[in-house]
Every structure is written in structure tokens, then in C-alpha cells.
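Hi,

Here is the structure I said I'd pass on to you.

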Amino acid sequence: MKRQMMMIWFCVIAATSVASVQAEHKETGEKRYLIIHADDAGMSHSVNQATIEGMQKGIVSSASIMVPCPWFKEFAEYAKQNPDQDFGIHLTLNSEWKNYRWGPVASRDLVPSLLDEEQYLWDNVGQVMQHVNVKDAEKELRAQIERAKKFGVPLSHLDTHMGAVVSRPDLLEMYVNLGIEYQLPVLFVANLDPKKYGLIAEKSKELKAVLSKNGLPVLDELVQFYGEPDYGKRKQSYLDKLRGLKPGVTQIIIHCGIDNQELQNITHSSSRRDGDRRVFTDPEVMKEIKDLGIEVITWKQFHEMAKQKVKVAE
């Protein structure tokens with residue numbers, strides 16, 4: 001069940017409609033834009049080191065930070081010192097590792113529905129869907145954004161850890177409203193198949209129009225690879241996807257890490273995270289992206305593109 005719920009967001013974000021892509025083609029021509037986005041900054045020291053390496057030595061163009069996590073402060077200091085780079089908040093409503101847990105940023109007594117029996121955030125997305133009150137979730141997510149701002153993080157966007165914030169229509173609407181309030185783009189892919197995604201698909205169609213009206217962008221495609229531990233095969237999967245990239249704006253979600261004792265003690269995914277770091281600091285991969293004529297952009301640039309569309313429409 002846990003694995004099934006972890007896959008929900010991947011299935012949702014991968015199901016972009018052809019109609020949406022074609023609509024964007026008319027506006028962007030055949031240009032292919034790519035955001036290479038590292039999730040989970042702040043989770044651990046090794047993840048921070050690897051994410052910074054990807055942004056400084058590689059082609060990682062954006063990252064998002066998990067504010068409730070123990071190593072948030074380290075990455076927040078890096079972000080404050082590098083305001084020209086691109087940083088979002090990885091809005092977090094769950095804490096999925098067995099022995100490496102975190103609680104809310106807001107006071108626990110203010111967000112009781114977010115907590116499991118050990119007073120940590122719920123373990124998985126299914127539990128979030130079942131137990132979390134949307135008002136408590138909003139208090140917590142607002143606390144995460146405000147904490148990042150207090151630490152001087154220059155924010156460019158909002159997204160969601162494991163898709164928990166987009167797992168119910170009421171949570172999805174609250175997430176979009178936070179983006180509008182803070183005038184920050186939110187990770188969002190619209191035009192989902194209603195036969196597969198039901199109420200989430202209906203709500204996303206409604207909210208896409210709201211985002212566009214407010215000059216906030218919507219991605220054409222979102223890509224993420226989970227399982228392959230072999231570095232060579234993982235690299236080839238990314239290269240194949242890059243070579244087949246469609247016109248419009250695509251985001252590739254990666255998880256950078258260093259396969260050391262710290263990360264191994266936290267997660268079984270340490271080797272895959274290390275693989276992502278290596279792929280996107282690999283000169284061959286960087287050259288391939290350039291040779292393909294793909295323009296790597298940030299969320300800040302994507303936001304500016306959306307605002308220009310609104311001005312043209314007016």
C-alpha cells in the first residue's frame with residue numbers, strides 16, 4: 001500500500017495531455033525548454049552537498065528545500081548566499097523514512113491532524129489523504145514558506161514532496177491559492193484523464209485557468225525515473241528522454257545524493273540519488289543537451305515567460 005501511494009504523484013504528473021502540449025507549441029514554436037530540478041534539499045548533509053555540486057559544477061538549474069528537515073539551515077545559508085540561483089520550497093506533509101523522521105514547522109498543538117502517534121508527520125501519502133485537515137495543512141505549509149523567507153531563502157516557486165499536497169482536491173486548491181497569494185509558481189500539470197484521476201482531474205482543469213489568469217505557469221510535461229540502480233542504464237534512460245523531448249517546457253525531477261554512510265543509513269535510494277548527481281554533472285550529458293538545442297531554464301525564467309503571455313493577451 002505504501003509503495004502504491006508513493007507512486008500516485010508520479011502517475012499524475014506523467015499523464016500530461018497531448019492537447020496541452022499542442023497549445024503550448026503554438027506559443028513556443030518548436031523550442032524545447034527544460035528545468036532540471038533537484039528535490040529534497042535540506043534532507044541531509046549528503047543531499048545538500050550533492051545538490052550544490054549539481055548546481056555549481058553540473059547543469060541542475062533549480063532545487064527545492066524541505067523546510068522541516070534537520071539539514072534545512074545548511075542549505076538555506078547556501079541559498080541566501082547565492083540569490084542568482086533558483087530555489088523553491090518542497091512543501092512537506094509527510095516523513096517517510098523509518099528511523100529518520102521530522103515533525104511540522106508549526107507548533108504541534110496547532111496542527112494535530114498532521115501528526116502520527118509518535119508526533120511526527122504521517123509516513124505516507126495515503127495517510128495524509130486519510131487524516132489531514134486542510135486547515136491544518138495550510139497552517140503548516142504557510143509556516144514552511146515563512147520560515148524559509150525568515151532564513152533569507154530567495155524563493156522562486158513551490159512544489160510538493162511525494163505529491164501529498166495534490167492528493168485531494170481540497171489540498172490541491174489550497175496549494176494553488178498559496179502560490180497565488182505569494183505570487184510564486186507551483187509545480188502543476190493540468191489536463192489529466194478524468195477516467196483515471198477523477199476529482200483531481202476535474203479540479204486541476206479549473207485551477208489551470210486560475211493559474212494562467214494570475215500569470216503563473218503550467219508545465220507541459222514532467223519526468224521522473226524511480227527504480228534503475230545501475231548507473232549506466234540510468235544515464236541512458238535520461239539521454240533517451242532528452243533526445244525525445246517535446247517542444248514546450250518540461251521539468252525533469254531528480255534527487256541528488258552522495259552514496260555515503262549517512263545517506264545509506266537514511267534511505268535505500270542512496271545509490272540512485274548518487275546516480276542522479278553523477279548524470280547531471282557528466283560532461284557528456286551536458287554536451288548532449290547543448291547539441292540537441294535544448295534550453296535549460298529556471299523557475300524564475302519560466303515565471304517571466306508566463307507573465308509575458310499575460311501582458312500580450314492584455
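**What I found**

Let's start with Met 174, which counts as buried because its relative accessibility is 5%; buried means under 20% relative accessible area, exposed over 50%, and partly exposed in between (1.4 Å probe, protein chains only). Before going further, note that this is a predicted model: local features need pLDDT of at least 70, side-chain atom pairs count only at pLDDT 80 or more, and totals for chains, interfaces and linings use all residues. Residues are numbered from 1 along each chain as its sequence is written, and side-chain values use heavy atoms, with hydrogens and water left out.

Back to Met 174: you'll find this residue in helix H7. Helices (H or I, at least four residues) and strands (E, at least two) are DSSP runs, numbered from the N terminus. Leaving out residues up to four places away in sequence, Met 174 touches Val 134, Ala 137, Glu 138 and Leu 141, where a contact means heavy atoms within 4.5 Å. Leu 141 is 33 residues from Met 174 in sequence, and their C-alpha atoms are 9.7 Å apart.

Now for the big picture. The chain has 13 helices and seven strands, and 57% of its 314 residues are buried. Of the contacts with a separation of 6 or more, 76% are between residues 24 or more positions apart.

The largest nonpolar core has 93 residues, and those touching the most other members are Met 43, Leu 158, Tyr 175, Leu 219, Ile 254 and Phe 280. Helix H7 (residues 169-182) gives the most to this core, namely eight residues. (A nonpolar core is a set of buried Ala, Val, Leu, Ile, Met, Phe, Trp, Tyr and Cys residues joined through side-chain atoms within 4.5 Å.) Beyond its neighbours within four places in sequence, Tyr 175 has contacts that include Leu 91, Leu 158, Val 186 and Leu 187.

Next, the rings. There are eight aromatic pairs in the structure; rings of Phe, Tyr and Trp (its six-membered ring) pair if their centres lie within 6.5 Å, and planes under 30 degrees apart count as stacked, over 60 as edge-to-face and the rest as tilted. Tyr 100 and Trp 102 are edge-to-face because their planes sit at 85 degrees, with ring centres 6.0 Å apart. Phe 225 and Tyr 238 also form an edge-to-face pair, at 4.9 Å centre to centre and 80 degrees between the planes. Phe 225 is in the loop between strand S5 (221-224) and helix H9 (231-243), and Tyr 238 is in helix H9, so this pair ties together parts 13 residues apart in sequence. Is Phe 225 buried or partly exposed? At 27% relative accessibility, Phe 225 is partly exposed, while Tyr 238 is buried at 1%. Ring pairs also link Phe 75, Tyr 78 and Phe 87 into a cluster.

Have a look at His 157 too, in strand S4 (residues 155-160). His 157 is buried, at 0% relative accessibility, and its side chain makes a polar contact of 2.9 Å with that of His 37. (A polar contact is a pair of N or O atoms within 3.5 Å; within protein, one must be able to donate a hydrogen and the other to accept it, and residues adjacent in sequence count only if both atoms are side-chain atoms.)

Cheers
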